[in-house]
Amino acid sequence: MEILSQNSKMRKTSAKAGVRIFNFSIPAYKTKSGKITCPFADACVSFCYAQKGNYTRFPVVKESQEKKYLLSKQDNFADLITAAIKRKKATHIRIHDSGDFYSPAYLNKWINICKVNPGVTFYAYTKSIQFFLESALAIPSNLFVIFSEGSKKDELINPSTMRHARIFGSLEELTEAGYIDASANDLNAIQSNKKVGLIFH
């Protein structure tokens, strides 16, 4: 099993930008055994893109996510990810195109991974805002965090200062609100415009 993988959007973005983007994903919302992987998910649970399409169509995808979740619990998780980054020659890592930071301890593992891989750009959409605000570890400069609206803790997001993501019904609506469209280009989420827009699909 490959620890790091690419979905179609990442492959297209990688080819267009001349970079090597890979992602690490775990089960969306909860594991097969019932462990919650998105502790602050709210209404998004009912329409989550990671619970439909290829994420559910192919059993091998779900099996891989379950295995990666178990890997994330291991003490050597950081070493496994770092080895995979070197093997893939990754320049960018998206943490979770499925799932989220399910505990402060798990978040801190990723913060340390970022610190030992300073030449790699990491980014993550997350609803686990509270964990970031309460973390005892400083967020490294090579980790871009996009706080996703629609969580149980939306009141913690300051949209005027924090990088955040909002869902829109159309490109016109997104543009008029002053957001950058990251629907097709994954790297638009980490540009200077901290208002990240996604079109509902």
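The exercises below concern a predicted model, and each solution goes step by step.

**Exercise 1. Find which residues of helix H1 are buried, and work out how they are arranged around the helix.**

Solution. 
- Step 1: Locate helix H1, which covers residues 8–17.
- Step 2: Pick out its buried residues, using the cut-off of under 20% relative accessible area. They are Met 10, Thr 13 and Ser 14.
- Step 3: Look down the axis of H1. The buried residues fall within an arc of 100°, so they line one face of the helix.
- Step 4: Recall a general rule that helps here: an α-helix has 3.6 residues a turn, so residues three or four places apart point the same way.
- Step 5: Turn to the face of H1 that points away from the buried side. Lys 12, Ala 15 and Lys 16 are the exposed residues there.
- Step 6: Ask what the buried residues of H1 pack against; the partners are S1 and S2.

**Exercise 2. Describe what happens at the N-terminal end of H1 and just after the helix.**

Solution. 
- Step 1: Just after H1 comes Gly 18, whose phi is positive, at about 70°.

**Exercise 3. Identify the largest nonpolar core and the elements that build it.**

Solution. 
- Step 1: The largest nonpolar core contains 34 residues. Leu 4, Phe 24, Ile 81, Ile 93, Trp 110 and Phe 122 have the most contacts inside this core.
- Step 2: Both strands and helices contribute: at least two residues come from each of S1, H3, H4, S2, H5, S3, H6 and S4.
- Step 3: The element that gives the most is H5, with six residues.
- Step 4: Zoom in on Ile 93. Leaving aside residues up to four places away in sequence, Ile 93 touches Leu 4, Phe 22, Ile 85, Trp 110, Val 120, Thr 121, Phe 122 and Tyr 123.
- Step 5: Now look for another core. A second, separate one has 13 residues, among them Val 19, Ala 165, Ile 190 and Val 196.

**Exercise 4. Determine how strand S7 is joined to strands S5 and S6.**

Solution. 
- Step 1: S5 (residues 164–168) and S7 (residues 195–199) run parallel and are joined by five bridges. Within this region, Arg 166 has Gly 197 of S7 as its bridge partner.
- Step 2: S6 (residues 180–181) also runs parallel to S7, with two bridges between them. Here Ile 180 is partnered with Val 196 in S7.

**Exercise 5. Classify the aromatic pair of Phe 77 and Tyr 106, and say where its members sit.**

Solution. 
- Step 1: The whole structure holds twelve aromatic pairs.
- Step 2: For Phe 77 and Tyr 106, the centres lie 6.1 Å apart and the planes make an angle of 45°, so the pair is tilted.
- Step 3: Phe 77 belongs to helix H4 and Tyr 106 to helix H5, 29 residues apart, so to speak a link between distant parts of the chain.
- Step 4: Check burial. Phe 77 counts as buried at 1% relative accessibility, and Tyr 106 is buried with a relative accessible area of 1%.
- Step 5: Widen the view to one aromatic cluster, which includes Phe 77, Phe 101, Tyr 106 and Trp 110.

Definitions and conventions:
Residues numbered from 1 in each chain as written. Predicted model: local features only at pLDDT ≥ 70, side-chain atom pairs only at ≥ 80, totals over all residues. Heavy atoms only, no water. Pairing = 2+ DSSP bridges. Helix = DSSP H or I, 4+ residues; strand = E, 2+ residues; numbered from the N terminus. Core = buried A, V, L, I, M, F, W, Y, C linked by side-chain atoms within 4.5 Å. Buried < 20%, exposed > 50% of the residue type's maximum accessible area, 1.4 Å probe, protein only. Contact = heavy atoms within 4.5 Å. Arc of directions from axis to C-beta. Polar contact = N/O pair within 3.5 Å; in protein donor to acceptor, adjacent residues only side chain to side chain. Phe/Tyr/Trp six-rings, centres within 6.5 Å; stacked < 30°, edge-to-face > 60°.
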